[in-house]
Amino acid sequence: RPWEALSGCYANAKQFEKAVEAMQTAAKIAPNNGRVWLGFGTQLNNLATQQQFAARALAGGALPTQTKKNFEDSAEAYKRALQLNAGDPKELWTEIGSDYYYALDYIPAMKAYMVALQSDPHYSYALNGLALSNGAMKSQCTRITGRNATGSGLDVAKKIWICDDLTTALV
């Protein structure tokens, strides 16, 4: 608990690298504590978001490699929290989707949002994330085949995307 509290103090001071380091220590001390992994995921997300805003201020605004890794590590920390039954699964899967979305990994983002929607097909945050990921995929693809999506957000996954990079085709 002291490491979690210290992490919170650093986060309040917008010192997210130190907040992440404190949560890493907490995770080493209590690797089976789901609350610790929730906090670790949150601090990694805070750090990545701060890095993302800083990158946007620079010319070009490309996503730095470390920022992408921090978003992905945040998703992994949330997955560990899920394994330890910490938090609401639909909310955590939505956070995981968000982390992958901001890491520009749209296929894992869509998969995470769809898992969230399995428990609540009307969960607006997951539906919104799925729509955003869907739009990002569409912008990278040359044409769409298959039936039009109708009804719930899960129908979006029934489209077949034909993308410029064949390894990113999504059914």
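**A walk through a helical chain and its core**

The largest nonpolar core of this predicted model has 36 residues, and those with the most contacts inside it are Trp37, Phe40, Ile96, Tyr101, Tyr113, Ala126 and Leu130. A nonpolar core here is a set of buried Ala, Val, Leu, Ile, Met, Phe, Trp, Tyr and Cys residues joined through side-chain atoms within 4.5 Å, where buried means under 20% relative accessible area, exposed means over 50%, and partly exposed lies in between, with a 1.4 Å probe and protein chains only. Two or more residues of this core come from each of helix H2 (16-29), helix H3 (34-57), helix H4 (65-83), helix H5 (89-102), helix H6 (106-119) and helix H7 (124-140). The largest share, nine residues, is given by H6.

Residues are numbered from 1 along each chain as its sequence is written, and side-chain values use heavy atoms, with hydrogens and water left out. Because the model is predicted, local features need pLDDT of at least 70 and side-chain atom pairs count only at pLDDT 80 or more, while totals for chains, interfaces and linings use all residues.

The chain as a whole has seven helices and two strands, and, read along the sequence, these follow the pattern α-α-α-α-α-α-α-β-β. Helices (H or I, at least four residues) and strands (E, at least two) are DSSP runs, numbered from the N terminus. Of the 171 residues of the chain, 42% count as buried.

H6 has 14 residues and reaches 21 Å from its first C-alpha to its last, close to the 20 Å expected at 1.5 Å a residue, the expected span being 1.5 Å times one less than the number of residues. Its buried residues are Tyr106, Ile107, Ala109, Met110, Ala112, Tyr113, Met114, Ala116 and Leu117.

H5 packs against H6 at an angle of about 165 degrees, with their axes 7 Å apart; the axes are lines fitted to C-alpha atoms, for helices over the stretch in contact, and angles run from 0 to 180 degrees between N-to-C directions. H5 is therefore roughly antiparallel to H6, a description used for angles over 145 degrees, whereas those under 35 count as roughly parallel, 65 to 115 as roughly perpendicular and the rest as oblique. Among the residues that meet here are Trp93, Ile96 and Tyr101 in H5, and Ala109, Tyr113 and Ala116 in H6, where contact means heavy atoms within 4.5 Å.

A second pair of helices can be followed in the same way. H3 and H4 pack at an angle of about 160 degrees, with their axes 8 Å apart, and so H3 is roughly antiparallel to H4. Phenylalanine 40, leaving out residues up to four places away in sequence, touches Val20, Met23, Gln24, Ala27 and Ala77.

Two further residues can be set side by side. Glutamate 4 lies in helix H1 (residues 2-12) and counts as buried because its relative accessibility is 18%; leaving aside neighbours within four places in sequence, glutamate 4 is in contact with Met23, Arg35 and Val36. Asparagine 32 lies in the loop between H2 and H3, and asparagine 32 counts as exposed because its relative accessibility is 59%. Not counting residues up to four places away in sequence, asparagine 32 touches Arg80 and Leu84, and the C-alpha atoms of asparagine 32 and arginine 80, which are 48 residues apart along the chain, are separated by 8.9 Å.
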